[in-house]
Amino acid sequence: MAVSIVYHPDYVTPLPDQHRFPMPKFKLLYDYLLQTGITTGDRVFTPKIAPRAWIEQVHTPDYVAAYCEGTLDPKAQRRIGLPWSPALVKRTCTAVGGTILAAELALEKGIVCNTAGGTHHAFPSYGSGFCIFNDLAIASQLLLNQGKVQKILILDLDVHQGDGTAFIFRNDPRVFTFSMHCEANFPHRKQQSDLDVPLPIGLDDDGYLQILAQQLPDLLSAVKPDLVLYDAGVDTHVEDRLGKLALSDWGIYRREKIVLSTCYSAGYPVAAVIGGGYAKDIMTLVRRHSLLHQAASETLMSQP
């Protein structure tokens, strides 16, 4: 069964040559998913730009205005690591809209994947580490405020701790934040998630998957979420430029299958975002991200 995805052409906007953020991957991933039949045109959903009022449910109005209007001070801009442009503002707000749409659709369809998202280093009043507005937090806050869900699990398996998300929901029992990340990696100052699982440098497939398989069923049983927001960063790969863990393609595929099949078979809807991934060869990275969508398609196909 082809998986439902969320995509918008505005997910890609120009960056300077040699910038290490792999902006072209979003369009290339979309094309690859269609070419391989992992998704089909009738299962592609187009998001709208998230309005400021939604973003301001998580981020301070001053920060939102400064970023959107291009008046953010240079130090704050450097902390984000992406050069400001009107096109990037549009791209950022559209990607947030994509995660919101994926979350809404997942409640109907069981599993839906945004082909962007995972900006988990954004805090209420500043951005960091290529993250401007926290799409996971905004989607969570919006669905909670609208009464569409009562409890959310944010399952963050990006190699970097979801520090912004942990901080945003540190006092909100409606959102359980779980982060399984490399302990000796960015951010250097970690926040406290509801549950953190720090991993040693160089952990391989077997070690990683064993830890995940031990954690996930108990986590779902304890939290009983109405929705799982899954950050499926592939910067856990052994060849990732910013990773420090040692998963193979097979290990990442197995990770996605464990997460999606465990959640779906137990009746927990999943909205997945692609998170981080940094490789010199862009198509290698695209295929790595597509493992999430492949696993989603196979999970939907294998279960009634």
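**Close-up views of pockets, a cavity and selected residues**

**View 1. The largest pocket and its lining.** Helix H5 (86–109) contributes the most to the lining of the largest pocket, namely five residues. Helices (H or I, at least four residues) and strands (E, at least two) are DSSP runs, numbered from the N terminus. The structure is a predicted model, in which local features need pLDDT of at least 70 and side-chain atom pairs count only at pLDDT 80 or more, while totals for chains, interfaces and linings use all residues. Residues are numbered from 1 along each chain as its sequence is written, and side-chain values use heavy atoms, with hydrogens and water left out. On a 1 Å grid over the protein atoms alone, a pocket is an open set of points with protein on both sides within 12 Å along at least five of seven lines, a cavity is a set of points where a 1.4 Å probe fits but cannot get out, and lining residues have an atom within 4 Å of a point. The volume of the largest pocket is about 510 Å³. Its lining comprises 32 residues, of which His121, Gly129, Phe130, Cys131 and Tyr278 are the closest to the centre. Helix H4 (74–80), like H5, supplies at least two residues of this lining. By class, the lining has 15 nonpolar, 12 polar and five charged residues. In this division, Ala, Val, Leu, Ile, Met, Phe, Trp, Tyr, Cys and Pro count as nonpolar, Asp, Glu, Lys and Arg as charged, and the others, Gly among them, as polar.

**View 2. The second largest pocket.** This pocket holds about 230 Å³ of space.

**View 3. The largest cavity.** One cavity of 30 Å³ or more is counted. Three of the lining residues are nonpolar, five are polar and one is charged.

**View 4. His120 and His121 in the loop between S3 and H6.** His120 is located in the loop between strand S3 (111–114) and helix H6 (135–145), and His121 is found in this loop as well. His120 is buried, with a relative accessible area of 2% (buried means under 20%, exposed over 50% and partly exposed in between, with a 1.4 Å probe and protein chains only). His121 is also buried, at 4%. The two side chains make a polar contact at 3.2 Å (a pair of N or O atoms within 3.5 Å; within protein, one must be able to donate a hydrogen and the other to accept it, and residues adjacent in sequence count only if both atoms are side-chain atoms). A polar atom of the His121 side chain lies 3.5 Å from the backbone oxygen of Gln161. Contact means heavy atoms within 4.5 Å. Beyond neighbours within four places in sequence, the contacts of His120 include Asp156, Asp158 and Asp231, and those of His121 include Phe186 and Pro187.

**View 5. The peptide bond between Phe186 and Pro187.** The bond that joins Phe186 and Pro187 is cis, with omega about -5°. Pro187 lies in the loop between S5 and S6.

View 6. The 19 residues of helix H8 (residues 205–223) should span 27 Å at 1.5 Å a residue, and the end C-alpha atoms are 26 Å apart, which agrees. The expected span is 1.5 Å times one less than the number of residues. Among the buried residues of H8 are Leu209, Leu212, Leu216, Leu219 and Leu220. The buried residues of this helix pack against strand S4 (152–156), strand S5 (175–182), strand S6 (195–199), strand S7 (227–231) and helix H9 (249–265). Lys224 follows H8 and has a positive phi, near 50°.

View 7. Gln18, which is not a glycine, has a positive phi near 75°. Gln18 lies in the loop between strand S1 (4–6) and helix H1 (25–35) and is exposed, with a relative accessible area of 78%. Lys244, also not a glycine, has a positive phi of about 85°. Lys244 belongs to the loop between S7 and H9 and is partly exposed, at 44% relative accessibility.

Terms used
Grid points are joined across faces, edges and corners, and a volume is the space filled by probe spheres set on the points.
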